[in-house]
Amino acid sequence: MAATTRLLVLGALRETGPVHGYDLRRELLSWGAAEWANVAPGSIYNALKSLEKEELLEVVGTDRQGARPERTTYRLTDAGEAEFQRLLRENLWDTRVPNHPLLIGLAFFPHLPADELAAAMRRRAEELRARAESIRDGVRSILAGGPIPRHVAESYRFEAAQLDGEATWAAEFAGRLENGDYA
């Protein structure tokens with residue numbers, strides 16, 4: 001399991017307190033974690049089971065409502081709190097930049113006509129700016145008192161800033177291609 005998924009699940013469980021896996025999943029999805037944390041909903045259940053095996057979480061009960069499947073309630077152990085603190089510090093102090101999928105395409109961009117590539121980069125810039133603006137709308141909603149905790153807005157702000165930065169680069173790259181810098 002990725003360290004980011006571990007951190008996300010441990011941290012969310014720390015915030016919510018004892019909680020059913022389904023409710024934790026629903027909470028994380030309401031935060032938009034599937035997008036900004038790149039965590040699939042099913043991986044949350046797998047993480048809960050793994051973290052329980054590692055004794056970072058413990059089961060505090062199970063219940064069943066009607067014909068629904070049995071639901072397990074988890075809480076953080078002292079070891080889970082220590083692991084959360086370690087992962088949080090590691091994450092916030094880490095300055096490594098993850099590999100971006102575009103880097104592979106950029107390694108081979110001379111194999112496309114410059115005008116086609118410039119058009120692709122201009123479109124990329126437009127779409128990235130539109131996504132960044134949509135994210136900023138989400139931040140405004142969070143800050144207006146939506147169901148998502150206010151501090152989650154910083155994850156969205158960070159994502160919008162990354163998109164804005166990439167959009168600026170893409171537009172500048174398109175300009176360099178149109179100016180014949182790579183002819």
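Thr 73 is buried, at a relative accessible area of 15%. Buried here means under 20%, exposed over 50%, partly exposed in between, with a 1.4 Å probe and protein chains only. This is a predicted model: local features need pLDDT of at least 70, side-chain atom pairs count only at pLDDT 80 or more, and totals for chains, interfaces and linings use all residues. Residues are numbered from 1 along each chain as its sequence is written, and side-chain values use heavy atoms, with hydrogens and water left out.

Back to Thr 73. It sits in strand β3, residues 71-76. Helices (H or I, at least four residues) and strands (E, at least two) are DSSP runs, numbered from the N terminus. What does Thr 73 contact, leaving aside its neighbours within four places in sequence? Pro 18, Val 19, His 20, Glu 58, Val 59, Val 60 and Gly 61. Contact means heavy atoms within 4.5 Å.

Now the sheet. It is open, with three strands in the order β1-β3-β2, and the pairing is antiparallel. Two strands pair if DSSP finds at least two bridges between them. The edge strands, β1 and β2 (57-63), each pair on one side only. Between β2 and β3 there are six bridges. Thr 62 has Thr 72 as its bridge partner in β3. Helix α1 packs on this sheet and touches β1, β2 and β3; its direction makes about 95° with that of β3. For that angle, axes are lines fitted to C-alpha atoms, for helices over the stretch in contact, and angles run from 0 to 180 degrees between N-to-C directions.

Next, helix α2, residues 21-30. Its buried residues are Gly 21, Leu 24 and Leu 28. They lie on the same side of α2, because they cover an arc of only 60° around the axis. That arc is taken from the directions from the helix axis to the C-beta atoms. Their cover includes α1 (3-16), β1 (19-20), α3 (33-36), α4 (41-53) and β3. After α2 comes Gly 32, with a positive phi near 85°.

Last, the core. The largest nonpolar core has 44 residues. Such a core is a set of buried Ala, Val, Leu, Ile, Met, Phe, Trp, Tyr and Cys residues joined through side-chain atoms within 4.5 Å. Among those with the most contacts inside it are Leu 24, Leu 28 and Leu 57. Helix α8 (153-178) gives the most, with ten residues. Leu 57 touches, among others, Leu 10, Leu 51 and Tyr 74, not counting residues up to four places away in sequence.
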